[in-house]
Amino acid sequence: MARYELKLPKMGESVAEATITSWVKEVGETIDIDDTVVEVATDKVDSEVPSEVEGTLVEILFEKDAVVEVGETIAIIETEGEEGATTDASKKEDDTPETVAAVEKTVEVAKETVATTIDTSSSDRFYSPLVKSIAQTEGIPVEELETIKGTGKEGRVTKSDILSYLENRGSQPKVAASASIEKKSAPQSTPAPTPVSLSGQDEIIEMSRMGKLVSKHMVDSIQTSAHVQSFIEIDVTNIVNWRNKVKNAYQQREGEKLTFTPIFMQAVASTIKKHPMINISVDGDKIIKRGNVNLGMAAALPDGNLIVPVIKNADMLNLVGMTKQINDLATRARANKLKPDEIQGGTYTVTNVGSFGSITGTPIINQPQVAILALGAIVKKPAVIETPEGDFIGIRHKMIVSHSYDHRVVNGALGGMFIKTLKDILESWDVNQDF
């Protein structure tokens, strides 16, 4: 019999880990090729991990809710073949009994590591199994682990970080180290939450996994960026009239409904090209100027949660291409069929608060971006219309746009000029153009 290592596959650019949400197969079950073995979740997308071989599931190395890094072996499947042969997703070769023994030892070490590492579930930081294992061996409690400065991605503590910390820790008296820990931990302490009283009519509802992630993401964004908002009112009468005139012909020709969203998204992409310093991210004291315009499109899900699919290279799409991408992403978002890559790599986000009737809103920046635009509801208003013959009152379609931006790197001039340019583009819409 051969042993196949089922690994957590790469799940998109910048995705380093996933949470195991459920095991579809149990130990002892027979597995066919392409059978789903386990379901995992990244920040916002649930995915299935299929098997590339047929056989029997003999080992499960991580339990439900465990956080697993991309490339780690998560299960062992026993397949038909020569005894001593071991395969994985990226390597298939004839192995020796020594290799089989090595693999079995690796599996046992992995299981032992998971079983003996410290519990960091109360921490907001991610620690790899190796780091937790070192902390367990060296007697570092979670409170002390929290004080170690991480140099890894998103401030994570790497193997080098904890080993370097141990070198300095060993040269200090334990009392001093303990005092240092207490001193460092003090500023991070928060007042105990006010107890919530319950009555017999109240119902306790557990937050969903996605709800918890979104909640943390929003709080982290507020603590990271200095949020400032600018507002502007845009006359979209020409766009409303043009869409009403062409929408039936458009749907007949393209087989797609023409909504206002692709029109506005195309205008936003054009505006970003004119103001590229809004298309940036912050990395410490450095600014990363993004080479691509990838627009995030906030979409509400049936369960009340929010997801942000990304339109890649949005500045290169014409209106037809933009419409097709938006309709496709929105449909699959509601059906929970987005791929991990399709919610990664956004450089600027647009949210349509007007779809719920709100005239405006102050959205929270989607990190690591530095700005987000909220489109308000389109409403009819009496307005002063200026003409060569004089001013008069008329009924116009108006929309308020709210621009939230990170004041650390985007000043009021750029934040205001951005939406002024967007206003100019939308108000100059040619009602006689084709689609």
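This is a predicted model: local features need pLDDT of at least 70, side-chain atom pairs count only at pLDDT 80 or more; totals for chains, interfaces and linings use all residues.
**Stop 1: the whole chain**

Show everything as a cartoon. The chain has 435 residues, and 43% of them count as buried.

**Stop 2: helix α8**

Select residues 260-274. This is helix α8, with 15 residues. Pick the C-alpha atoms at its two ends. They are 22 Å apart. At 1.5 Å a residue the helix should span 21 Å, so the two values agree.

Next, go to the start of α8. A side-chain oxygen of Thr259 comes within 3.4 Å of the backbone nitrogen of Thr261.

Then colour the buried residues of α8. They are Pro262, Ile263, Phe264, Met265, Ala267, Val268, Ala269, Thr271 and Ile272. Residues three or four places apart point the same way, because an α-helix has 3.6 residues a turn.

**Stop 3**

Is His275 buried or exposed? His275 counts as buried, because its relative accessibility is 13%, under the 20% cut-off. Show what surrounds it. Setting aside neighbours within four places in sequence, His275 is in contact with Leu414, Met417, Phe418 and Thr421.

Stay in this loop and select Asn279, which also lies between α8 and β11. Asn279 is buried, with a relative accessible area of 2%. Which side chain does the side chain of Asn279 join in a polar contact of 2.6 Å? It is the side chain of Thr347. Now turn to Asn292. Its backbone oxygen lies 3.0 Å from a polar atom of the Asn279 side chain.

Not counting residues up to four places away in sequence, Asn279 touches Ile272, Ile288, Lys289, Arg290, Asn292, Val293, Thr347 and Tyr348. Ile272 takes you back to α8, where it is one of the buried residues.

**Stop 4: Asn313, on the way to α9**

Select Asn313, in the loop between β16 and α9. Asn313 is not a glycine, yet it has a positive phi of about 50°. Most residues other than glycine have a negative phi. Asn313 is partly exposed, with a relative accessible area of 27%.

**Stop 5: helix α9**

Asn318 caps the N-terminal end of α9, with a side-chain oxygen 3.2 Å from the backbone nitrogen of Val320.

Now take in the helix itself. α9 has 16 residues. From its first C-alpha to its last it reaches 23 Å, close to the 22 Å expected at 1.5 Å a residue.

Colour the buried residues of α9. Among them are Leu319, Val320, Met322, Ile326, Leu329 and Ala333. What do the buried residues of α9 pack against? They pack against α7, α8, β13, β15 and β16.

Step just past α9 to Asn336, which takes a positive phi of about 55°. Asn336 is not a glycine either. It lies in the loop between α9 and β17. Asn336 is partly exposed, with a relative accessible area of 46%.

**Stop 6: the second largest pocket**

Colour the elements that give two or more residues to the lining: α6, α8, β14, α9, β17 and β18. Which of them gives the most? α9 does, with five residues.

**Stop 7: a cis peptide bond**

Finish at Pro368, in the loop between β17 and β18. Zoom in on the peptide bond from Gln367 to Pro368. The bond is cis, with omega near 5°. Most peptide bonds are trans.

Methods
Residues are numbered from 1 along each chain as its sequence is written. Side-chain values use heavy atoms; hydrogens and water are left out. Helices (H or I, at least four residues) and strands (E, at least two) are DSSP runs, numbered from the N terminus. The expected span of a helix is 1.5 Å times one less than its number of residues. Buried means under 20% relative accessible area, exposed over 50%, partly exposed in between (1.4 Å probe, protein chains only). A polar contact is a pair of N or O atoms within 3.5 Å; within protein, one must be able to donate a hydrogen and the other to accept it, and residues adjacent in sequence count only if both atoms are side-chain atoms. Contact means heavy atoms within 4.5 Å.
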